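Dear colleague,

Please find below the structure that I am handing over to you.

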Amino acid sequence: MKIAVVILNWNGILLLEKFLPSLLKYSAEATIYVADNASTDDSISFVKAFFPAVQIVKNDSNLGFADGYNKALKYIDAEIYALVNSDVEVTKNWLQPIIKTFENEPNTAIIQPKILDFKRKEYFEYAGAAGGFIDQYGYPYCRGRIFDALEKDSGQYDDHCQIFWASGACFFIRSQVYKDLNGFDGEFFAHQEEIDLCWRAFNKGNKIKYNSDSVVYHIGGATLQQGNPKKTFLNFRNSLLMLTKNLPKEQLYKILLGRMLLDGIAGIQFLAQGKPKHFFAVLKAHWSFYRLFMAYYKKRNKFQHTEYYNVKSIVYLYFIRKIIVFNDLFRIK
């Protein structure tokens, strides 16, 4: 299969220097691209000088993760897109299990490998771990990570299974499916755009899979730190936009109201923790959502699955029931 490994870059010369070597070493089956979001550092000249085998696609401005990929992928011909963060280290034979799954499973549209923490390699990494799910209110969590609780990798998720969303840190998708879905939602800019894309794929009958035979290591937060108020704004706003587009019609307003109430509680917690910038980021996220609501309501497809979640409230289970391990979610009475 014709595979394009595409690394989105914005002023990431140090990350490219650190992680491109592993990609080149272990990706003989693929063509490697750097999609550059109008970097102002020496990223492009560095890649041209030291990694001449890597092809470059230039965007005219910093379009974020979503539109950065949308625009760049228009110029890349491949059957499979492997969208890989610039802070990901790949391992030997990371591509072969993915290729085999795509070849043997025509209905599988999207695949995620096992994602471990680059700094603590025996632990799962926050952004994806062993595959993602959402609760009834759209809160994401993973096999191996619930909110900030990360599990140690002891082989408990060494399997191949269907998941609800795959991490944008290392995201494999059939190019035809990507095009049929019109790619990522550009308004998202960054954060949750991969969950939205997976949800739209799911609503159209596609399968999303996790394959533990492929392993990568991710630093996480290398481009936008966890404590950045902009990250808070994007996560809260994009979650509401995603729910508006993808929830079943009969559940839409009830779930949106519940989610906004939970967001309000989170905002109050930010104030109590002495984080006023994050409190205002939540307010800003809601105002932006109100402005965009009608446009996003019109984006809804004709069909939405009602069974999109496997727990009703991960917030309740984590904060009230104190469950921090994914497998324990299904052992409670």
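This is a predicted model: local features need pLDDT of at least 70, side-chain atom pairs count only at pLDDT 80 or more; totals for chains, interfaces and linings use all residues.

Domains and their interface

The domain assignment divides the chain into domain 1, residues 3-218, and domain 2, residues 229-320. Taken over C-alpha atoms, the centres of the two domains are 24 Å apart. On the domain 1 side, 27 residues make contact with 37 residues of domain 2. Together the domains bury about 3100 Å² between them, and carbon and sulfur atoms account for 58% of that area. Three residues deserve mention here: Gln136, Tyr137 and Trp199 provide 25% of the area that domain 1 buries against domain 2, more than any other three residues.

Polar and charged links between the domains

How many residue pairs are in polar contact between domain 1 and domain 2? The count is 19, with both residues of each pair at pLDDT 80 or more. Four salt bridges were also found across this interface. Elsewhere in the list of charged pairs, Glu187 and Arg237 form a salt bridge through their side chains, at 3.8 Å from N to O.

As to the side of domain 1 that touches domain 2, the elements that contribute two or more residues to it are strand β7 (132-134) and helix α6 (193-203). The largest share, six residues, belongs to α6. By residue class, this side of domain 1 consists of 15 nonpolar, five polar and seven charged residues.

Aromatic pairs

The structure holds 32 aromatic pairs by the rule applied. One of them joins Phe133 and Phe326, which are stacked, with 5.6 Å from centre to centre and 25° between the planes. This pair connects distant parts of the chain: Phe133 belongs to strand β7, whereas Phe326 lies in the segment after α10 (314-320), and the two are 193 residues apart.

Salt bridges in the whole structure

A search of the whole structure gives 14 salt bridges. Among them is the one between the side chains of Lys114 and Asp153, at 3.0 Å from N to O.

Yours sincerely

Definitions and conventions: Residues are numbered from 1 along each chain as its sequence is written. Side-chain values use heavy atoms; hydrogens and water are left out. Domain bounds come from an automatic or database domain assignment. Contact means heavy atoms within 4.5 Å. Buried area is the accessible area (1.4 Å probe) that two parts lose on being put together, summed over both. A polar contact is a pair of N or O atoms within 3.5 Å; within protein, one must be able to donate a hydrogen and the other to accept it, and residues adjacent in sequence count only if both atoms are side-chain atoms. Helices (H or I, at least four residues) and strands (E, at least two) are DSSP runs, numbered from the N terminus. Ala, Val, Leu, Ile, Met, Phe, Trp, Tyr, Cys and Pro count as nonpolar, Asp, Glu, Lys and Arg as charged, and the others, Gly among them, as polar. Rings of Phe, Tyr and Trp (its six-membered ring) pair if their centres lie within 6.5 Å; planes under 30 degrees apart count as stacked, over 60 as edge-to-face and the rest as tilted.
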